[in-house]
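Here is a short briefing on one protein model. Keep the sequence and the 3D view open while you read.

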Amino acid sequence: METKLLDGRALAGKIQEQVANELAVMQRVPKLVVVLVDPSEAIRIYVRNKLKRTAAVGIQTTVQELSPTVSTEQVVAIVKELNQDKLVDGILVQLPLPDHINTNTVIETIDPNKDVDGLTSVNLGRLMANMPYLVPCTPLGCLHLIHQAKADLTGLNAVVIGRSRLVGRPMAQLLLAENCTVTIAHSKTRNLAALCRTADILVSATGQPGLITDNYIKPGAIVIDVGISKTKDGHITGDVDMERAKGIAGWLTPVPGGVGPMTITMILTNMVQIIKQNLDNK
Ligand code: NDP
């Protein structure tokens, strides 16, 4: 069987164009603030990439970089100020935060209507209640990629490996809303390979390079590889063993060039959602 690659870069490019057009029609320059604390070099590059994308579609983005020794209370105070600032439309606290900061406390402080990453419990609750508003960017990007392969997902079996707040849990909710029969797997799941072979849609978000081999894939399945790991020689790789998946999966996302570009692009679409909502509320 021929395996088709789901090109995240190409799809991201198309969606970015749509976002730029929508913002031009609305005649708005939305403002996004990124809060950054003690980033690694990789995160710094990632944020630079986000800034490039937001600028390209006409979103004004500023980075508020805080001292590595900042306390949870100080980050909370800054987020509260941004919540109150009428000129700020979206707030993004770049994760991971240093260990001494309580990440959940910081996330929960973000005004849910400015929560461009969709990570507050209010926005996750909205998703759970099937009233989605701002949806976490990575799973939302995955859903767009899945739709490139198949428009109607009704009745398909989906297996999501990973149960994080950032990826696995919201991904499962999105697929449930698409009428899939969803199973969430994790490190304690028994017979993972056999379970995965039942999946018409397999989303792997573990960060375990090469976990998904031919033995885990139903012939013709849509396989979405969220994982990002670094190989010994410094290359980026996903959870899926590409060579062994090819010829069995019907559709497959490459790493890099699959889910990654879509994650950044979903920040842009969430900003559009916020602006539309703000205009409706006027
Ligand atoms: P977490 O570490 O929070 O979650 C990983 C999940 O995978 C956990 O639920 C864990 O199970 C499960 N898991 C780990 N090993 C196995 C295994 N051998 N078998 C089955 N399940 C396993 O990570 P995130 O959800 O934040 O991210 C997941 C991956 O996606 C990472 O590689 C991350 O870098 C990448 N990522 C990529 C993005 C992109 O834009 N492409 C964006 C965000 C993340 P348990 O809960 O039992 O521990």
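**Overall build**

With 282 residues, a compact globule would have a radius of gyration near 19 Å, and the protein has 19 Å, which agrees. The model is predicted. The protein holds 10 helices and 11 strands.

**Size, surface and charge**

- The C-alpha trace spans about 55 × 40 × 35 Å along the principal axes of the protein.
- Of the 282 residues, 48% are buried.
- The accessible surface comes to about 13500 Å². Carbon and sulfur atoms account for 52% of that surface.
- There are 28 positive and 26 negative side chains. The centres of the two sets lie 1 Å apart.

- The domain assignment gives domain 1 as 28–112 and domain 2 as 137–260.
- The C-alpha centres of domain 1 and domain 2 are 28 Å apart.
- Take the contacts between residues at least 6 apart in sequence: 71% of them join residues at least 24 apart.

**Helix H7 and its cover**

- Helix H7 covers residues 168–177 and is mostly covered itself, with seven of its 10 residues buried.
- Which residues of H7 are buried? They are Gly168, Pro170, Met171, Ala172, Gln173, Leu174 and Leu175.
- Helices are part of the cover over these buried residues, including H5 (121–128) and H6 (137–149).
- Strands also contribute, among them E5 (157–161), E6 (181–185) and E7 (201–204).
- Asparagine 179 follows H7.

**Leucine 156**

- Leucine 156 sits in the loop between H6 and E5.
- Is leucine 156 buried or exposed? Its relative accessibility is 16%, so leucine 156 counts as buried.
- Setting aside neighbours within four places in sequence, leucine 156 is in contact with Lys150, Asn179, Cys180, Thr181, Asp200 and Ile201.
- Leucine 175, one of the buried residues of H7, is 19 residues from leucine 156 in sequence. The two are 9.3 Å apart in space, C-alpha to C-alpha.

**The loop between E7 and E8**

- Lysine 218 lies in this loop, which leads from E7 to strand E8 (222–225).
- Lysine 218 has 29% relative accessibility and therefore counts as partly exposed.
- Neighbours within four places aside, lysine 218 is in contact with Cys196, Arg197, Thr198, Ala199, Asp200 and Ile248.
- Lysine 218 and alanine 249 are 31 residues apart along the chain, and their C-alpha atoms are separated by 6.9 Å.
- Alanine 221 is found in the loop between E7 and E8 too.
- Alanine 221 counts as buried because its relative accessibility is 3%.
- With neighbours within four places left out, the contacts of alanine 221 are Ala199, Asp200, Ile248, Ala249, Gly250 and Trp251.
- Alanine 221 and alanine 245 are 24 residues apart along the chain. Their C-alpha atoms are separated by 10 Å.
- Asp200 is in contact with leucine 156, with lysine 218 and with alanine 221.

**Backbone points to check**

Most residues other than glycine have a negative phi, and most peptide bonds are trans. The residues below depart from one or other pattern.

- Asparagine 179 is not a glycine, yet its phi is positive at about 70°.
- Where is asparagine 179? It lies in the loop between H7 and E6.
- Asparagine 179 has 47% relative accessibility, so it counts as partly exposed. Asparagine 179 is also one of the contacts of leucine 156.
- Asparagine 191 has a positive phi near 50°. This residue lies in the loop between E6 and helix H8 (192–196).
- Asparagine 191 is exposed, with a relative accessible area of 64%.
- The bond joining leucine 95 and proline 96 is a cis peptide bond, with omega about 0°.
- Proline 96 is in the loop between strand E4 (90–93) and helix H4 (103–109).
- The peptide bond from valine 255 to proline 256 is cis as well, with omega near 0°.
- Proline 256 lies in the loop between strand E11 (251–252) and helix H10 (259–280).

Key. Residues are numbered from 1 along each chain as its sequence is written. This is a predicted model: local features need pLDDT of at least 70, side-chain atom pairs count only at pLDDT 80 or more; totals for chains, interfaces and linings use all residues. Side-chain values use heavy atoms; hydrogens and water are left out. Helices (H or I, at least four residues) and strands (E, at least two) are DSSP runs, numbered from the N terminus. The radius of gyration is taken over C-alpha atoms; the globule rule is 2.2 Å times the number of residues to the power 0.38. Buried means under 20% relative accessible area, exposed over 50%, partly exposed in between (1.4 Å probe, protein chains only). Contact means heavy atoms within 4.5 Å. Accessible areas come from the Shrake-Rupley method with a 1.4 Å probe; for residues, only the protein chains shown count as cover. Lys and Arg count as positive and Asp and Glu as negative; His and the chain ends are not counted. The place of a charge is taken as NZ of Lys, CZ of Arg, CG of Asp or CD of Glu. Domain bounds come from an automatic or database domain assignment.
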